[in-house]
Amino acid sequence: MEEDSVSVIDTLPVGVRSLLKAYPDFIKEYKDSFLVLHDSSVMLFDDGRIKTFNEKLDDADPEDMFAFKYDMNAKKPEYLQDAGRSRCEPLFKKMYGSNEAEVRRKLVSVEWFGEKVLFTPVNGAADSLRAVAAEIAQYPELKPYLKSSGTFYWRKVRGANRQSAHSYGITIDIGVSNSDYWLWKNPGKAETDSIVYANHMPMQLVSIFEKHGFIWGGRWYHYDTMHFEFRPEILFSTKK
Ligand SMILES: [Zn+2]
């Protein structure tokens, strides 16, 4: 018996639904536990492995990207909740480029408050950053927080063997002089230790980024408040 497509979509895991909605240019459908891409390759959604906190970051399947809570109402992040730090590397490399040259070839220039920054147009990321800039421009009081300290930079995460989100051209760091980073405030702490939170970025700025598909590093337990990353699937997954 045929089911209508709406009810089939409703029964999919929230992570699958969020990915289908966020990346329609790459992900065609979900079939028999696999994401089917438009180039006909397939990617297992959930490898079924039980992973430690570090494994969820270092060896993420698509399902692991939704293992953490992105809480837009909380005053500060809960212990070890790092939604968005988990990135399925094969998927990101497929979409944005699998090495520095491949990513770089796609990058476009975006006007950012008197600067020009490099960003990827893939998945609408560059246009979303332009929309963020247009909206922020209406609030002159946000000016002190806007100076960019970097977008594209192909590199591994410090102390880890995974690619930084800056490698894909989907990420911008701004307002360094007003920013907080978990290790600056908690020197010598390991990733699973309890740490103290800090933030000096205005929530109005954060809301504008989130409205246009960017997650904020200030919502990570391992906070990085200068960091904004184009991850519409994480935001879609927070809405029922
Ligand atoms: Zn960053």
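Histidine 166 and histidine 227 are both buried, where buried means under 20% relative accessible area, exposed over 50% and partly exposed in between, computed with a 1.4 Å probe on protein chains only. The model is a predicted one, in which local features need pLDDT of at least 70 and side-chain atom pairs count only at pLDDT 80 or more, whereas totals for chains, interfaces and linings use all residues. Residues are numbered from 1 along each chain as its sequence is written, and side-chain values use heavy atoms, with hydrogens and water left out.

The two histidines belong to the zinc site, whose protein donors are His166 (NE2), Asp173 (OD) and His227 (ND1), lying 2.1 Å from the ion. Donors here are N, O and S atoms within 2.8 Å of the metal (3.2 Å for Na, K and Ca), and since water is not among the atoms, sites may look incomplete. Along the chain the zinc donors follow the spacing H-x6-D-x53-H. Histidine 166 lies in the loop between strand S6 (148-150) and strand S7 (171-174), while histidine 227 is in strand S9 (residues 227-230), so the pair ties together parts that are 61 residues apart in sequence. The helices and strands named here are DSSP runs numbered from the N terminus, helices being H or I with at least four residues and strands E with at least two.

H4 is followed by glycine 97, whose phi is positive, near 130°. In helix H2 (residues 14-22), the buried residues are Gly15, Val16, Ser18, Leu19, Leu20 and Ala22, and they pack against S1, S2, H4 and helix H9 (232-238).

Leaving aside neighbours within four places in sequence, aspartate 61 is in contact (heavy atoms within 4.5 Å) with Phe45, Asp46, Asp47, Gly48, Lys51 and Cys88.

Two further loop residues have a positive phi. Most residues other than glycine have a negative phi. Serine 33, in the loop between strand S1 (27-31) and strand S2 (34-37), has a phi near 75° and is partly exposed at 39% relative accessibility. Asparagine 123, in the loop between strand S5 (115-119) and helix H6 (125-136), has a phi near 60° and counts as buried at 14%.

Finally, there is the largest pocket, with about 470 Å³ of space. Of the 24 residues that line it, the closest to its centre are Arg85, Val157, Arg158, Tyr181 and Asp224. A pocket is an open set of points on a 1 Å grid over the protein atoms alone, where a 1.4 Å probe fits, with protein on both sides within 12 Å along at least five of seven lines, and lining residues have an atom within 4 Å of a point. Grid points are joined across faces, edges and corners, and the volume is the space filled by probe spheres set on the points. H3 and helix H7 (182-185) each supply at least two residues of the lining, and the largest share, three residues, comes from H7.
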